[in-house]
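Subject: A structure for you to explore

Hi there,

Here is the structure I promised to pass on to you. Have a look around it first, and then read on for what turned up.

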Amino acid sequence: MIYTVNLNSSLDYIMRVGHFRVGETNRAERDSLVAGGKGVNVAKVLRAFGLPVKAFVVTAGFVGAEIERQLSAEGMDCAFFRTSGNSRINVKLKSDAETEINGRGEGVPDETVEDIAAALTPSPDWLVLSGNAPSGTRSDVYRRLASAAGGARVAVDAWGGQLRFALEARPFLVKPNLDELRDFFGEDIPPEEAGTYAARMRDAGAANVLVSLGGLGAVLAAADGKVYAASAPAGRLVNSTGAGDSSVAGFIAACEKGCGAADALSFAVASGSACAFAEGFPSYADVCNLQRRVSVREV
């Protein structure tokens, strides 16, 4: 069983506008409200891949109630943890370029974190800690939850202080993007040096460090001591929301099938790309087809 934890769930308000003009009235051609958040997105993709997954989701207020309603209607296996305030709404504007305004969300109190930690039993095969916790939540929250998961393989997709604390728990996987890698080291890292810095982050405590580079593909500093680079397949960007989450799910799915580091990297890149090239999350067949167009090399 795979558990995902989403401390900062959201409703994503997605609006598609033909040609967005700043300072003018724009009218959406289509819009939708979709329950999201990084941990929720990872759970959706893993479920689409046919893997057993349960999402632990913090919700609040009327927005949280709608998140719960949607996920329950989709038939997802979820445990909800209600807090005060209101869950966030993220605005995703799809036009000639993509623009996002993400809400802050409510801080998660210690007692709620303790409730989630207590619920992580029996220990899962995987624990996915995805997305930064909202302001007001303790910075060591992911380290605490990772410690509560027993012998689970822990995957972390976070940044800043929460990533630094999480590394102390020696997670199986961390997945920063290039900007988050730069933030971690406080340096302006060029894409061609991402593998070097991924290896340095691996030395700081993670078994595997997967750095997503958008259209340039990804690099993986793997537990086997090697560094791999993967190209991204060509395609038309339709929706980048959830692409990184799909990559995390793809890496986990490949590991569950017993794949080695290079194949896990190519499946992760194919998963992220398949999400970016479509409006929804990818199917397993879509990813397998796209994986054939991903090349991996050792660097």
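Predicted model: local features only at pLDDT ≥ 70, side-chain atom pairs only at ≥ 80, totals over all residues.

Let's begin with the cores. In soluble globular proteins, nonpolar side chains tend to be buried together. Here the largest nonpolar core holds 46 residues. Ile2, Leu46, Leu71, Leu210, Phe251, Ile252 and Leu265 have the most contacts inside this core. Helix α9, residues 261-276, supplies the largest share of it, with 8 residues. Another core lies apart from this one and has 45 residues, including Leu163, Ala166, Ala194 and Ala199.

Leaving out residues up to four places away in sequence, what does Phe251 touch? The list is Phe172, Leu173, Asn208, Leu210, Leu220, Ala264, Leu265 and Ala268.

Next, helix α1, which spans residues 38-48. Why can we call α1 largely enclosed by the rest of the structure? Because 8 of its 11 residues are buried. Those buried residues are Gly39, Val40, Asn41, Val42, Ala43, Lys44, Val45 and Leu46. They pack against β1 (2-6), β3 (30-36), β4, α2 (61-73), β8 (126-130) and α8. After α1 comes Gly50, which has a positive phi, near 85°.

Now for the open spaces. The largest pocket has a volume of about 1,000 Å³, and 47 residues line it. Lys38, Ser240, Gly242, Ala243 and Gly244 are the lining residues nearest its centre. Which element gives the most to the lining of the largest pocket? That is α9, with 5 residues. Other elements that give two or more residues to this lining include β2 (10-16), β6 (88-94), β11 (208-212) and α8 (243-256). Sorted by class, the pocket lining has 15 nonpolar, 23 polar and 9 charged residues.

Strand β4, residues 53-60, provides the largest share of the cavity lining, with 3 residues. By class, that lining divides into 4 nonpolar, 6 polar and 1 charged.

Setting aside neighbours within four places in sequence, Gln162 is in contact with Asn132, Ala133, Arg138, Ser139 and Tyr142.

Last come the cysteines. A disulfide is a covalent bond between the sulfur atoms of two cysteines. How many disulfides are counted in this model? The count is 0. Cys259 is in no disulfide, and the nearest cysteine sulfur, in Cys255, is 7.7 Å away. The sulfur of Cys288 is too far for a bond, because the closest cysteine sulfur, in Cys259, is 9.3 Å from it. Both cysteines are partly exposed: Cys259 has a relative accessible area of 32%, and Cys288 has one of 24%.

Enjoy looking around, and write back with any questions.

Best wishes

Technical notes: Residues numbered from 1 in each chain as written. Heavy atoms only, no water. Core = buried A, V, L, I, M, F, W, Y, C linked by side-chain atoms within 4.5 Å. Buried < 20%, exposed > 50% of the residue type's maximum accessible area, 1.4 Å probe, protein only. Helix = DSSP H or I, 4+ residues; strand = E, 2+ residues; numbered from the N terminus. Contact = heavy atoms within 4.5 Å. Disulfide = S-S within 2.5 Å. 1 Å grid on protein atoms, 1.4 Å probe; cavity = no way out; pocket = protein on both sides within 12 Å on 5 of 7 lines; lining within 4 Å. Points joined across faces, edges and corners; volume = space filled by probe spheres on them. Nonpolar A, V, L, I, M, F, W, Y, C, P; charged D, E, K, R; others polar.
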